[in-house]
Amino acid sequence: MVEVFQTSLNNQNDANRIIKHLQALFPEYLINFDLEDCDNILRVESSTDYIKVESIMECVQNKGHEIAVLLDIVPKK
């Protein structure tokens with residue numbers, strides 16, 4: 001399972017600190033940022049069918065950053 005978030009992070013040092021903090025809390029997740037994307041993407045991958053979305057969002061918010069789930073919108077044909 002993969003969950004993608006839009007964040008307010010735009011600094012690699014801050015992103016590295018957030019990754020380190022999240023990895024300590026959720027060692028089973030693969031976590032990375034794409035700060036070159038316009039949405040400053042936080043990507044979380046789990047080998048299970050469940051990701052603790054609310055907990056991840058709370059952790060990032062507690063570090064002073066905004067975060068929202070990036071919805072996967074499929075265009076209508």
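The model is a prediction in which local features need pLDDT of at least 70 and side-chain atom pairs count only at pLDDT 80 or more, whereas totals for chains, interfaces and linings use all residues. Residues are numbered from 1 along each chain as its sequence is written, and side-chain values use heavy atoms, with hydrogens and water left out.

I56 is among the residues with the most contacts inside the largest nonpolar core, together with F5, L22, L42 and V44, and this core has 19 residues. A nonpolar core is here a set of buried Ala, Val, Leu, Ile, Met, Phe, Trp, Tyr and Cys residues joined through side-chain atoms within 4.5 Å; buried means under 20% relative accessible area, exposed over 50%, and partly exposed in between, with a 1.4 Å probe and protein chains only. Two or more residues of the core come from each of α1 (12-25), β2 (30-34), β3 (41-45) and α2 (53-62), and α2 gives the most, with five residues. In soluble globular proteins, nonpolar side chains tend to be buried together.

The chain contains two helices and four strands, arranged along the sequence in the pattern β-α-β-β-α-β; helices (H or I, at least four residues) and strands (E, at least two) are DSSP runs numbered from the N terminus. Buried residues account for 32% of the 77 residues, and among contacts between residues at least 6 apart in sequence, 61% join residues at least 24 apart.

Within strand β3 lies E45, which is partly exposed at a relative accessible area of 29%. Its side chain is joined to that of R43 by a polar contact of 3.1 Å, a polar contact being a pair of N or O atoms within 3.5 Å of which, within protein, one must be able to donate a hydrogen and the other to accept it, while residues adjacent in sequence count only if both atoms are side-chain atoms. Beyond four places in sequence, E45 touches M1, V2, E28, Y29, L30 and I51, and its C-alpha atom is separated by 8.8 Å from that of E28, 17 residues apart along the chain.

S46, in the loop between β3 and α2, counts as buried because its relative accessibility is 5%. The side chain of S46 makes a polar contact of 2.9 Å with the side chain of T48, and, neighbours within four places in sequence aside, S46 is in contact with M1, Y29 and I51.

Methods: Contact = heavy atoms within 4.5 Å.
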